[in-house]
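Subject: Structure handover

Hello,

Here is the structure we talked about. Please open it next to this email and follow along.

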Amino acid sequence: MSEQKKLVKPVTPGDRLGVIEEFTPGKGTYVNDGVVYAKVTGYALVSRENRRIEVIQKTKIPVFPVKGQKVVGKVQQVQDKFAIVKIFKVNGFELKNPFTAVLHVSFISKFFTKTVYDALKPGDLIHAQIIGDKNLPCQLTTAGKDFGVLEAYCSICGEPLILSKKQLVCPKCKNVEKRKISEFYGKEV
Ligand SMILES: [Zn+2]
């Protein structure tokens with residue numbers, strides 16, 4: 001994907017994208033009375049060169065991380081100072097091709113986190129936000145109560161952990177584990 005294209009927003013059919021004085025209608029759009037609308041569900045993209053606006057269908061969303069997007073991913077690897085996360089959902093849309101992102105220890109929480117081992121484990125499902133898209137892999141943050149772990153598993157027996165009084169407890173072996181928990185723990189985001 002060219003640098004000149006910018007992902008604008010998720011759209012559904014009939015969403016108003018702009019007027020023809022402003023944009024050239026492209027694929028996945030239609031024009032009615034001088035207004036450009038989305039024809040399909042997906043992401044609106046604008047080309048900076050020619051102001052062409054098109055809608056990329058949600059099943060065909062390209063790998064295109066942009067700062068500010070809310071993402072869901074699976075923790076692949078944890079080290080002392082960072083975690084590697086595979087992102088498969090962006091702003092509620094499932095990606096055809098997941099991409100890899102990095103979460104540095106200093107962006108885990110608003111509070112001091114000494115090591116990533118205190119906040120995440122491989123296999124955890126997390127809700128995060130993209131804060132850096134200039135270099136790849138892009139940078140994530142889980143600071144803020146919306147963000148953090150959505151789903152985690154017991155490191156002893158593998159059972160999904162249950163949130164009980166702000167703690168993650170294994171219903172099977174009663175093991176208690178520490179994570180940076182999202183307020184959406186156990187829910188779909
Ligand atoms: Zn257990």
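In what order do the three strands of the open sheet with β14 in it stand, and is the pairing parallel or antiparallel? The order is β14-β15-β16, and the pairing is antiparallel. The edges belong to β14 (162–164) and β16 (176–177). Each has a single partner strand, so one side of each is left without a neighbour in the sheet. Strands here are DSSP runs of E with at least two residues, and helices are runs of H or I with at least four; both are numbered from the N terminus. Two strands pair if DSSP finds at least two bridges between them. Between β14 and β15 (residues 167–169) there are three bridges.

Some ground rules come next. This is a predicted model: local features need pLDDT of at least 70, side-chain atom pairs count only at pLDDT 80 or more, and totals for chains, interfaces and linings use all residues. Residue numbers start from 1 along each chain as its sequence is written.

How confident is the predictor? Its confidence in each residue is the pLDDT, from 0 to 100. The mean for the protein chain is 90, and 92% of its residues reach 70 or more. Confidence is lowest in strand β1 (residues 5–11), with a mean of 70. Confidence is highest in strand β13 (residues 148–151), at 98.

Now the overall picture. The protein chain has 16 strands and zero helices. Its C-alpha atoms fill a box of roughly 65 × 30 × 25 Å along the principal axes. There are two domains, domain 1 (5–60) and domain 2 (70–177); the bounds come from an automatic or database domain assignment. Their C-alpha centres lie 33 Å apart.

Another open sheet has three strands in the order β2-β5-β4, again with antiparallel pairing. Its edge strands are β2 (16–19) and β4 (29–32), each pairing on one side only. Four bridges join β4 to β5 (residues 35–38). Within that pair, Tyr 30 stands opposite Tyr 37 in β5.

Next, the interior. A residue is buried if 20 or more other C-beta atoms lie within 10 Å of its own, exposed if 12 or fewer, and partly exposed in between; the C-beta atoms are placed from the backbone. Of the 189 residues in the protein chain, 30% are buried. A nonpolar core is a set of buried Ala, Val, Leu, Ile, Met, Phe, Trp, Tyr and Cys residues joined through C-beta atoms within 7 Å. The largest one has 30 residues. Those touching the most other members include Ala 83, Leu 103 and Val 116. Strands β8 (70–78), β9 (82–90) and β10 (93–104) are among those that each supply at least two residues of this core. Apart from it lies another core of twelve residues, including Val 11 and Ile 53.

Last, Lys 121. You will find Lys 121 in the loop between β10 and β11. Why does Lys 121 count as partly exposed? Because Lys 121 has 19 C-beta neighbours inside 10 Å. Lys 121 and Val 78 are 43 residues apart in sequence, yet 6.4 Å apart in space, C-alpha to C-alpha. Leaving aside neighbours within four places in sequence, Lys 121 is in contact (C-beta atoms within 7 Å) with Val 75, Val 78, Ala 152 and Ser 155.

Best wishes

Terms used. pLDDT = per-residue confidence, 0-100. Contact = placed C-beta atoms within 7 Å.
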